[in-house]
Amino acid sequence: MGVEGKALVLGGGGVTGVAWEIGLLHGLAEHGVDLTEAGLFVGTSAGSSVAAQVLSGVPLKDLFEAQLAGAGREVTARMTAGGLLKFVIAGAWPGDPAKGRAWLGRQAVRARTMPEAERRAVIAARIGDGSWPATRLLITAVEAETGEVRVFDADSGVSLIDAVAASCAVPLTWPPVTINGVRHIDGGIRSVANADLAAGNGQVVVLAPVTQSVRPSGRPAAQAAALGPGVRSAVVSPDAAARAAIGRNPLDPARRRPAAEAGRAQAATEAERLRAIWN
């Protein structure tokens, strides 16, 4: 169980986002700032995978070293220019944002991708047996048909593997994930970090490999600021060296090692700022 009142928000950012977050968490722990003691974890897309791995009990050092190894079952993918345009259209949808998400969700259902079972196996290989942790964990996803946001937790009756797979189901790239007969897509479609779900905690740190959002209210910094004046919060995103290490394609597992190493290195410059908030 973590420390009540502390929340760690882990945002989306592809397979390199997973590596950068794990590297950063490991590096911060080496500098005496242990963000994994949070009483609440909020995981979105890549961040849901990181949260599941961190809360599995595997030491950060081992998780970091795993990122330095080969690609394993990870599959290289790339989002097309047309796919990116559809993301922008969905994000800028006038009126109810859920309608834009639903439009993108329907596009995702029709897209040709790898089989759902094959993608689930990749996620299972990442996070192990898939048991929900004792520490409170919220994982975000979006219903493909309605665009409504789903937040899965240990009481939702959904396996951790299915919840993470749904949260990581990048539309048009990976298959939507079926849970209780309902197709789900990436939780990052609602917000790249969903930091607003950390409301009620006095100390909040957001790790955000991606900070862009068509809607300003969806940006991690805006969501963290909206948590209230009494909340001590910080948002950490990749620095220039980390962005160069991550490269142009966050879905390329060949960039895992440099991304993880860059996250660990960046921890040295972030440790004091986060120590003042966390410790």
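What separates lysine 61 and glutamate 65 in helix α3? Being four residues apart in that helix, lysine 61 and glutamate 65 are separated by about one helical turn. The model examined here is a predicted one.

## Salt bridges

The structure holds ten salt bridges. One of them joins lysine 61 to glutamate 65, with 2.6 Å between the closest N and O atoms. Both partners are partly exposed: lysine 61 has a relative accessibility of 46%, and glutamate 65 has a relative accessible area of 39%.

Glutamate 270 is buried, because its relative accessible area of 12% falls under the 20% limit. Arginine 273, in contrast, counts as partly exposed at 36% relative accessibility. A further salt bridge links arginine 190 with aspartate 196, the closest N and O atoms being 2.8 Å apart. Arginine 190 is partly exposed, with a relative accessible area of 30%, and aspartate 196 is likewise partly exposed, at 28%.

## Packing of α3 against α10

The axes of helices α3 and α10 come within 8 Å and cross at roughly 140°.

On the α3 side, the contact is made by Phe64, Ala66 and Gln67. These residues meet Arg256, Arg257, Ala260, Glu261 and Arg264 in α10. By class, the contact of α3 with α10 comprises three nonpolar, one polar and four charged residues.

In soluble globular proteins, nonpolar side chains tend to be buried together. The largest nonpolar core in this model has 55 residues, of which Leu8, Leu25, Leu35, Phe41 and Leu207 touch the most other members. Helix α10 supplies the largest share of this core, with eight residues. Apart from this core lies another one, of 13 residues, among them Leu40, Val42, Leu138 and Leu227.

The surroundings of leucine 207 can be described in detail. When residues up to four places away in sequence are not counted, leucine 207 touches Leu8, Val9, Leu10, Gly11, Trp20, Glu21, Leu24, Leu25, Leu35 and Val236.

## Loop residues

Two loop residues have a positive phi without being glycine. Serine 45 has a phi of about 55° and lies in the loop between β2 (38-44) and α2 (46-54). With a relative accessibility of 8%, serine 45 counts as buried. Asparagine 194 has a positive phi near 55°, and its place is in the loop between β6 (182-186) and β7 (203-207). Asparagine 194 is buried as well, with a relative accessible area of 0%.

Glycine 72 is found in the loop between α3 (60-67) and α4 (81-91). Is glycine 72 buried or exposed? Glycine 72 is exposed, because its relative accessible area of 70% is over the 50% limit. Its C-alpha atom is separated by 24 Å from that of alanine 265, which is 193 residues apart from glycine 72 along the chain.

Key. Residues numbered from 1 in each chain as written. Predicted model: local features only at pLDDT ≥ 70, side-chain atom pairs only at ≥ 80, totals over all residues. Heavy atoms only, no water. Buried < 20%, exposed > 50% of the residue type's maximum accessible area, 1.4 Å probe, protein only. Salt bridge = Lys/Arg side-chain N within 4 Å of Asp/Glu carboxyl O. Axes fitted to C-alpha atoms, helices over the stretch in contact; angles between N-to-C directions. Contact = heavy atoms within 4.5 Å. Nonpolar A, V, L, I, M, F, W, Y, C, P; charged D, E, K, R; others polar. Core = buried A, V, L, I, M, F, W, Y, C linked by side-chain atoms within 4.5 Å.
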